Amino acid sequence: MRTQVGQIELRNPKDHEDTKDFTFDAIYDENSTQSDLYEETFRDLVDSVLNGYNATIFAYGQTGTGKTHTMEGKSDDPQQRGVIYKCIEHIFEHMAASHNQEEYLVRASYLEIYQEEIRDLLEAESNKKLEIKERPDGGVYVKDLTSRLTRSIAEIQDVMIRGNAHRSVGWVSPN
């Protein structure tokens, strides 16, 4: 991994000369911190949301590749907090700094796409398959997805606790 240039080099173990290089906007290795990731990749996105734009942070990948660590991390350790908690803190800090000069409405939803089905993780008994829809004004949404009005970081954390209790969790064999 060449983090400075955003490049990953794959080498065939049988033929040490042939390589395949993949270039990305940014890559992060085992020396990267949650703060590095947030500051370099997500801070500007959240600032755009605070300026009225819609945004989505989408974690995709195989079971066991670090999505939960990247997105959630450890909420009780400031150095290990993931992207979600850093976004929440950023939003509420911005709101507090506005000194009531602007109005904000913060809603939280929690969904999961698992085996190509969308599930509402805030509805414990819901096995209803949800659908992605598009409004004529250009907005994409998930029909019938639960949305909770939240007024604090603690209220969003409660939403996450409830949603996490209903997640599908895969198991990866250590072998």
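Select R2 first. In this predicted model, R2 is partly exposed, with a relative accessible area of 33%. R2 and E9 form a salt bridge, and their closest N and O atoms are 2.4 Å apart. E9 is also partly exposed, at 27% relative accessibility. A network of salt bridges links R2, E9 and R11.

**Whole chain**

Zoom out and colour by secondary structure. The protein chain has four helices and eight strands. Along the sequence, the pattern reads β-β-α-α-α-β-β-β-β-β-β-α. The C-alpha trace spans about 60 × 40 × 40 Å along its principal axes. Of the 175 residues, 22% count as buried. Among contacts with a separation of 6 or more, 47% come from residues 24 or more positions apart.

Next, show the charges. The salt bridge count is eight.

**Helix α1**

Select residues 34-50, which make up helix α1. Pick out E39 and R43, four residues apart, about one turn of the helix. They form a salt bridge, with 2.7 Å between the closest N and O atoms. E39 has 43% relative accessibility and so counts as partly exposed. R43 is partly exposed too, with a relative accessible area of 29%.

**E89 and R81**

Jump to E89. Its side chain meets that of R81 in a salt bridge, 3.0 Å from N to O. E89 counts as partly exposed because its relative accessibility is 21%, and the cut-off for buried is under 20%.

**T68**

Move to helix α2, residues 67-71, and select T68. T68 is partly exposed, with a relative accessible area of 37%. Leaving out residues up to four places away in sequence, T68 touches G73 and R167. Draw the distance to R167: the two side chains make a polar contact at 3.1 Å. Then pick V83. T68 and V83 are 15 residues apart in sequence, and 9.7 Å separates their C-alpha atoms.

**T146**

Last stop: the loop between β7 (140-142) and β8 (148-150), where T146 sits. Is T146 buried or exposed? At 15% relative accessibility, T146 counts as buried, since the limit is under 20%. Show what surrounds T146. Beyond its neighbours within four places in sequence, T146 is in contact with A108, S109, D120, L122 and E123.

Note on methods:
Residues numbered from 1 in each chain as written. Predicted model: local features only at pLDDT ≥ 70, side-chain atom pairs only at ≥ 80, totals over all residues. Heavy atoms only, no water. Helix = DSSP H or I, 4+ residues; strand = E, 2+ residues; numbered from the N terminus. Buried < 20%, exposed > 50% of the residue type's maximum accessible area, 1.4 Å probe, protein only. Contact = heavy atoms within 4.5 Å. Polar contact = N/O pair within 3.5 Å; in protein donor to acceptor, adjacent residues only side chain to side chain. Salt bridge = Lys/Arg side-chain N within 4 Å of Asp/Glu carboxyl O.
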